[in-house]
Amino acid sequence: ELTYQWHVFRGAGHTCSPIDRQSASLVSRPARASEKGGRALRRDACCQPPPHLGLDLPVSHACGKVRMRNPDVSFAIACYNCRPFLAQTVASALAQHDVTVELLLVDDGSSDGTQALMETLAQGDERIRTFSTPSNGGPGAARNIAMAAMHGHWYAVLDSDDLIAPSRSRDLIAAADHHRADMIADDLLLFGEGLAEHRFLQNDWRMPGWIELDRYFEASALFGTAPNPGFLKPMIRRTLLDRTAIAYDERLRIAEDDDLVVRLLMTGARYWLEPRPLYQYRKHGLSISHRLSSDHIDRMALAGHELDARVHAAGRASTAYNRRRRALANAVAFTHAIDALKARQPLSAARAILRRPTSLPLFRMPLGAAMRRLTGRTMG
C-alpha cells in the first residue's frame with residue numbers, strides 16, 4: 001500500500017492534510033496481485049490519513065481536490081461509447097440518499113466523446129474520479145482499475161447506461177448489515193425504448209434469501225429457462241475483496257460479473273438477495289451484454305475449464321454444477337454453429353453440431369425469433 005506522513009489540525013471542518021505535498025514521504029510496498037496472476041492491483045491509499053484516526057473526515061488530495069476519506073460506496077462505471085447515457089447514470093449515483101459515494105469512471109477506449117464528457121462531469125463534482133485503460137480491454141479490465149482505486153467500504157457495479165433508485169445503496173447496505181452478508185444484490189427493473197418496464201427475477205427468486213453456491217449454479221446455466229443471476233449487479237464489501245484478493249478475469253468480455261461472483265462464493269462468501277427492483281437495467285441496441293460471439297464463448301469456455309478444476313478440487317461438483325458445465329459446452333457448439341451459418345459455412349456449422357448433438361435444442365431460439373419476425377411482418 002501507499003502511505004503518506006500526516007498531521008492533523010483542528011479547524012473549520014476538522015480536516016486532515018499531508019505535511020508537505022511536495023516533500024511528503026511516499027513508501028511503496030508490494031502491490032496486491034490478482035488471483036489470475038495478472039497485473040498487480042492495489043487499493044489506492046493516496047491521501048488517506050492513518051486508520052487510527054477512526055474518522056471519515058474530508059481529505060485534501062494532492063491534486064487539490066477535497067473528498068471524503070472513506071465513502072460508504074464506490075461505484076465502478078466502465079465506460080465504452082456511452083456518451084448518450086452517461087450523464088444520467090452519473091446523476092443517479094450521485095443522488096443516493098443517506099450515504100456517501102465516490103464514482104470511479106473508467107474509459108475503455110471510447111471514440112464517441114465519452115472521455116471528454118467524463119472529464120466535464122468530474123470537474124463539477126469532487127466525488128467523481130476518472131481513469132482510462134491503456135487500450136480497449138473490456139468491462140473486466142476497466143472494473144479492475146476502479147476496484148484497485150476504490151476508497152469506499154462497498155464496491156458497487158453500475159453499468160454506464162443504467163440507473164439506480166435513490167434509496168438503493170442505503171437500503172442494500174442496511175439489509176447486508178442486518179444479515180451479515182458479504183455481498184448483496186437486488187432485482188432489476190428492465191426498461192428501454194419500445195420495451196414495457198418489467199422485473200427480471202421470477203418465482204422464488206422474488207423472495208429474500210441467501211444465494212448459496214449450488215443455488216447460483218442451478219440458475220446460472222447458459223440459455224436456461226429461469227432468469228440468470230449472473231445479470232444481477234451486486235454490491236460487495238471491500239473487506240471481502242481485500243481478504244480474497246479476487247479480481248475480474250480480464251480475458252472475459254461477457255459474463256465477467258458471473259465469473260467474479262462464482263469465485264467469491266467458492267471462498268465461502270455470504271450472498272444475500274434483497275429482491276426489490278432498485279436497479280434499472282436499460283435495454284438498447286448498443287448494449288454488448290446480450291451479444292455472444294465465438295470469441296466470447298471460447299473465452300468463457302477457457303475460464304469454465306479453470307473453474308472446473310477448482311470445483312473438483314474443492315469437492316463441489318454437484319448436480320447443479322454439472323448441469324451448468326454441460327450448458328456451457330452446448331452453448332459453445334451452438335454459438336460456433338450460428339457464426340458458421342452467418343459466414344455461409346454450413347459444413348463448419350454441421351461439424352460443430354455433430355461434436356455436441358445435445359446443443360440441437362438451442363436452435364429453437366433463433367428459429368422462434370425468425371418466426372416471430374415473419375409473423376409480425378405478415379400481420380403488419
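Which residues of the largest nonpolar core touch the most other members?

1. Basis. This is a predicted model, in which local features need pLDDT of at least 70 and side-chain atom pairs count only at pLDDT 80 or more, while totals for chains, interfaces and linings use all residues. Residues are numbered from 1 along each chain as its sequence is written, and side-chain values use heavy atoms, with hydrogens and water left out.

2. Main core. Phe75, Leu86, Leu103, Leu105, Tyr155 and Met183 touch the most other members of the largest nonpolar core, which has 75 residues. A nonpolar core is a set of buried Ala, Val, Leu, Ile, Met, Phe, Trp, Tyr and Cys residues joined through side-chain atoms within 4.5 Å; buried means under 20% relative accessible area (1.4 Å probe, protein chains only).

3. Leu103. Beyond its neighbours within four places in sequence, Leu103 is in contact with Phe75, Ile77, Val90, Ala93, Leu94, Arg127, Ile128 and Arg129. Contact means heavy atoms within 4.5 Å.

4. Helix α4. Residues 168–179 form this helix of twelve residues, which reaches 17 Å from first C-alpha to last, close to the expected 16 Å (1.5 Å times one less than its number of residues). Helices (H or I, at least four residues) and strands (E, at least two) are DSSP runs numbered from the N terminus. Among the buried residues of α4 are Arg168, Asp171 and Leu172; their cover includes β9 (73–79) and β14 (183–192). Arg180 follows α4 with a positive phi, near 55 degrees.

5. Helix α7. This helix (residues 256–266) is largely enclosed by the rest of the structure, because ten of its eleven residues are buried. The buried residues include Glu256, Asp257, Asp258, Asp259 and Arg263. Just after α7, Gly268 has a positive phi of about 95 degrees.

Terms used. Buried < 20%, exposed > 50% of the residue type's maximum accessible area, 1.4 Å probe, protein only.
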